[in-house]
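Me: Let's go through this model piece by piece. Show it first, and keep it plain.

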Amino acid sequence: MATDGIKIIDGDLARDTYEQIMDLYDSDASIETIRKELPFLKDDYGDNSDFYHEIFVTSYALAFWEIGEITEEILAEVKQVIELKAGVKIWTEECDANEGKKRQKELDKLLKKISEPNLKVRKRKKYRIIKNLYFEPDDLLAFQLSDKNYYAVICAKVTQQRGQCTYDLVATTYKGKNKPTVEDLKSCFIAGRKIGSGYDWKTTLLHQPNVDEIWEYMNQDNFLFGLSYRLVTHRDIISFKDKFEIVGKIKIKESFKRDGGYGYESSFDRFESIFIDLDSHMNTFREQKYPVNLLCEL
């Protein structure tokens, strides 16, 4: 199923749309800035375009109603997508008529809700920003496991969102008796994934500049690329931060930092279980190896 459930905020596209708006709102962005960053336009979603447009429009409308900024244009588009019944048809065909009726009920509830003034406009939330970070973006981190070998991860970025701070680490294939250097990493690989694209190749390139470099390496075109992240929260890493040593700086190209998958790691034991047999872990989670010298600015 292309979405996880019949509710308005169910599935990746709905959550991404809603949360992008709320993240900007909570960051004190002006309404004009929010509209500019996330325009209210119909995108080309490929197959089932009307269905995905319905998801985008309804989640967008709900967010703007909650912050007290819904417009007649948004309301009119919600009415139009509901009349098309694209979502109802999809749930009816892929599940059953009962699921289609449930989706219709959710759409009707949304339309009734946003057609009335919002008397309790959502206030902007203030989240604490962690300033004293243990690691910074582009840090090359070395650590030693029970087999006495050294391994390496790259802190691709640090994410602070809705009060949670995570160190977004990506695995490399380095393994050796000595601590790795940036020079050592040049002959290693990084864990990543291919992500299916519903666009033509020109549009895919607009969404992810330079991804054609990865197409050429993989001898396959028209897919997006994402990193496989090992996320560790600032709170969790306190207990094992001393296991990691910063041994240099290495920057993954910004256009290649897209999320291709992630897992939260709350203990150093998890790094032991993953890296002691990294090939097996990558095979299990269908990750591929991509050269450091392709993905990084060297």
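Reply: One term to begin with: a contact means heavy atoms within 4.5 Å. Of the contacts in the chain with a separation of 6 or more, 73% are between residues 24 or more positions apart.

Me: What kind of model is it?

Reply: A predicted one: local features need pLDDT of at least 70, side-chain atom pairs count only at pLDDT 80 or more, and totals for chains, interfaces and linings use all residues. Residues are numbered from 1 along each chain as its sequence is written, and side-chain values use heavy atoms, leaving out hydrogens and water.

Me: How many helices and strands in the chain?

Reply: There are 13 helices and ten strands. Both are DSSP runs numbered from the N terminus: helices are H or I with at least four residues, strands E with at least two.

Me: And what does the C-alpha trace span?

Reply: About 65 × 45 × 35 Å along its principal axes.

Me: How much of the chain is buried?

Reply: The chain has 298 residues, and 45% of them count as buried. Buried is under 20% relative accessible area, exposed is over 50%, and partly exposed is in between, with a 1.4 Å probe and protein chains only.

Me: Pick a helix. What is the reach of α4?

Reply: Helix α4 covers residues 72–84, which is 13 residues, and its first and last C-alpha atoms are 19 Å apart. That is close to the 18 Å expected, where the expected span is 1.5 Å times one less than the number of residues.

Me: Which of its residues are buried?

Reply: In α4 the buried ones are I74, L75, V78, V81 and I82. Down the axis of α4 they fall within an arc of 130°, so they line one face of the helix. The arc is taken from the directions from the helix axis to the C-beta atoms.

Me: What is on the face of α4 turned away from the buried side?

Reply: The exposed residues E72, E73 and E83. The buried residues of α4 pack against α3 (49–66) and α6 (97–114).

Me: Change of topic. How much space is in the largest pocket?

Reply: About 2,200 Å³. On a 1 Å grid over the protein atoms alone, a pocket is an open set of points where a 1.4 Å probe fits, with protein on both sides within 12 Å along at least five of seven lines; lining residues have an atom within 4 Å of a point.

Me: What lines it?

Reply: The largest pocket has 47 lining residues, and D12, D16, Q20, R258 and D259 are the closest to its centre. The largest share of this lining, nine residues, is from α1. Elements that each supply at least two residues include α1 (12–26), β2 (150–161) and β8 (259–264).

Me: What about the second largest pocket?

Reply: Its volume is about 230 Å³. It is lined by 13 residues, with S27, Y127, Q160, Q161 and R162 nearest the centre. The elements giving two or more residues to the lining of the second largest pocket are α1 and β2.

Me: Now the loops. Where is S197, and what does it touch?

Reply: S197 is in the loop between β4 and α8 (201–207). Leaving aside residues up to four places away in sequence, S197 touches T204, N222, F223 and L224. S197 and V182 are 15 residues apart in sequence, and their C-alpha atoms are 33 Å apart in space.

Me: N222 is on that list. What is its phi?

Reply: Near 60°, a positive value in a residue other than glycine. Most residues other than glycine have a negative phi. N222 is in the loop between α9 and β5 and is partly exposed, with a relative accessible area of 23%.

Me: And N219, buried or exposed?

Reply: N219 is exposed, at a relative accessible area of 73%. N219 is in the loop between α9 (211–218) and β5, and has a positive phi of about 55° although it is not a glycine.

Note on methods:
Points joined across faces, edges and corners; volume = space filled by probe spheres on them.
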